[in-house]
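Let's explore a protein chain together, one question at a time. Have a look at the sequence and structure first.

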Amino acid sequence: MPPSMPTQSSEIPTQATDAAAPVAALRTIPRDAHCISRKDISPNALRVLYRLREAGFGAYLVGGAVRDLLVGGHPKDFDVATSATPEEVRQLFRNCRLIGRRFRLAHVVFGREIIEVATFRANVDDGSGDRELHEGGRLLRDNVFGSIEDDAVRRDFTANALYYAIEDFSVRDYTGGFEDVSNRVLRLIGDPEQRYREDPVRMLRAVRLAAKLGFHIETATAEPIAPLAGLLREAAPARLFEECLKLFLSGHAVESFLGLERHGLLATLLPETASALKSNRSGALRNMLVEGLRGTDARVAAGEPVSPAFLFALLLWPAYCRALMALQAQGMHAAEAQRRAADRVTLHQLSTIALPRRFSLPMQEIWLLQPRFAQRQGKRVLRLLSHPRFRAAFDFLLLRQSASPEHAEDVAFWREAQASAGDIVVDTDSDPGSAADGNEDAAPRRRRRRRRGGAAAGA
Ligand code: ATP
Ligand code: MG
């Protein structure tokens, strides 16, 4: 069907303007030919779907949830697409609020679970001014209602454009996504270069989803990424921060990192780290980074908390080390050079990724505490142990140790110091800093206690 012809079920007439626009052709996969079962769908999402359906609207589960269910995964959220307008959705649900600019999205709230309900949208220009293109082809607003076919082809990957219909439990496929999911292939809908120009973040989504799902990025989808990687600099830094958290804190950080490297995205996303890794011939910095990401993935798998501050301390450590070395080579005093390097690296990175201060400050602390692990005398030990960032900084030291064994003694000492934290006897005689450092009194005081059983703790 030529793109200029109206689609069969368009409730709201739209006018296609783009000769390269993808064409939707429906294939229906009946209930007995796919594995999605209602018992795997959030009961609240089912409630929303049924209510919309009863009111006579088209109601579908869509996007990541359908894709994840088809590969046997557990979706973290369930999105609904419908022919009802946001205002019509609001009238159906008391627990509904409209969000977004010009009230284009409905959130139906069930305690802590939010079901996002979006009206079918189109990637076309209907002349209303609701869709704006930047001169580079970047999509600025995407607010035009449309048919389900329009809605399918404006999505990014075929795997993300599948619709589970509540009326007959079938899966509706307009872009070949069902077959792609079966073959574990990630394929952009439409002309890849054009779709990346519209929204460069799609390049990161390609890498992230391939890493998460273990999918192969189809050749025509993969090829333009490296040449277009620079477009990411135009993406909103706040959005890139969010995307980074998804890339690295969702349990597939190592695969995501390798994907970013492979597709030439690392140099745009983390430019100083990428160049520091390049000039680090031994590969020790890269090994440590990958090791750290492996640890992050293990924590996510074990359900343990992970922090953006620690993540960025890790991601930017190569950049920090390089900046520090350069400043020290200029003859700057160590402490001053550390502070300057931390500030410089943070500031540079902020132009790409909007790392909020509540994360960048603890990130810097993790770096700046590292040299203090080499100071093992007297009150300094207690001071460091009671530092609010001690735990994170020590975990970071462990990671450095895994990459280069020169920190073995420090690690052993601080392990022991933590184990006997309440029992440390402060030996002021052997503390070289105690006489000279007027701030020693500011150190938290601990009760002096005898060690259990009198055994030497090695502190
Ligand atoms: P995740 O598992 O990370 O939630 P997801 O595919 O559900 O993956 P979301 O950001 O939740 O990602 O987006 C929901 C859906 O919206 C996607 O499945 C896709 O259909 C569509 N979408 C999201 N981002 C884009 C984009 N940049 N361009 C086009 N469509 C998009
Ligand atoms: Mg999602």
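**A covered helix and its surroundings**

H15 is mostly covered, with 8 of its 8 residues buried (under 20% relative accessible area, where exposed is over 50% and partly exposed lies in between, using a 1.4 Å probe and protein chains only). Helices (H or I, at least four residues) and strands (E, at least two) are DSSP runs, numbered from the N terminus.

This is a predicted model, in which local features need pLDDT of at least 70 and side-chain atom pairs count only at pLDDT 80 or more, while totals for chains, interfaces and linings use all residues. Residues are numbered from 1 along each chain as its sequence is written, chains are lettered from A and ligands numbered from 1 in the order in which they are written, and side-chain values use heavy atoms, with hydrogens and water left out.

Q: What covers the buried residues of H15, including which helix of residues 390-403?
A: The buried residues of H15 include Pro308, Phe310 and Phe312. Contact means heavy atoms within 4.5 Å. The cover includes H10, H13, H14, H16 and H18, and the helix of residues 390-403 is H20.

Q: Which residues of H15 make the contact with H14?
A: The axes of H14 (residues 284-301) and H15 (residues 308-315) come within 9 Å. On the H14 side, the contact is made by Met288, Leu289, Gly292 and Leu293. On the H15 side, the residues are Leu311, Leu314 and Leu315.

Q: How are H14 and H15 directed relative to each other?
A: Axes are lines fitted to C-alpha atoms, for helices over the stretch in contact, and angles run from 0 to 180 degrees between N-to-C directions. The axes of H14 and H15 cross at roughly 160°. Angles under 35 degrees count as roughly parallel, over 145 as roughly antiparallel, 65 to 115 as roughly perpendicular and the rest as oblique. H14 and H15 are therefore roughly antiparallel.

Q: Which strands are the edge strands of the open sheet?
A: The sheet has 8 strands in the order S1-S12-S11-S2-S3-S6-S5-S4, with mixed pairing. Two strands pair if DSSP finds at least two bridges between them. Pairing on one side only marks the edge strands, S1 and S4.

Q: Which residue in S12 stands opposite Ile29?
A: S1 and S12 (residues 171-173) pair in the antiparallel sense over 3 bridges. Opposite Ile29 stands Val171.

Q: Which residues form the uncovered face of S4?
A: In a regular strand the side chains alternate between the two faces of the sheet. In S4 (residues 96-99), Cys96 and Leu98 form the covered face. Arg97 stands opposite His107 in S5. The uncovered face of S4 is Arg97 and Ile99.

Q: Is Arg208 buried or exposed?
A: Arg208 lies in H7 (residues 201-213). Leaving aside its neighbours within four places in sequence, Arg208 is in contact with Glu243, Lys246, Leu247 and Ser256. With a relative accessible area of 9%, Arg208 is buried.

Q: What is the relative accessible area of Arg184?
A: Arg184 is found in the loop between H5 and S13. Beyond its neighbours within four places in sequence, Arg184 has contacts that include Val71 and His216. Arg184 is partly exposed, with a relative accessible area of 36%.
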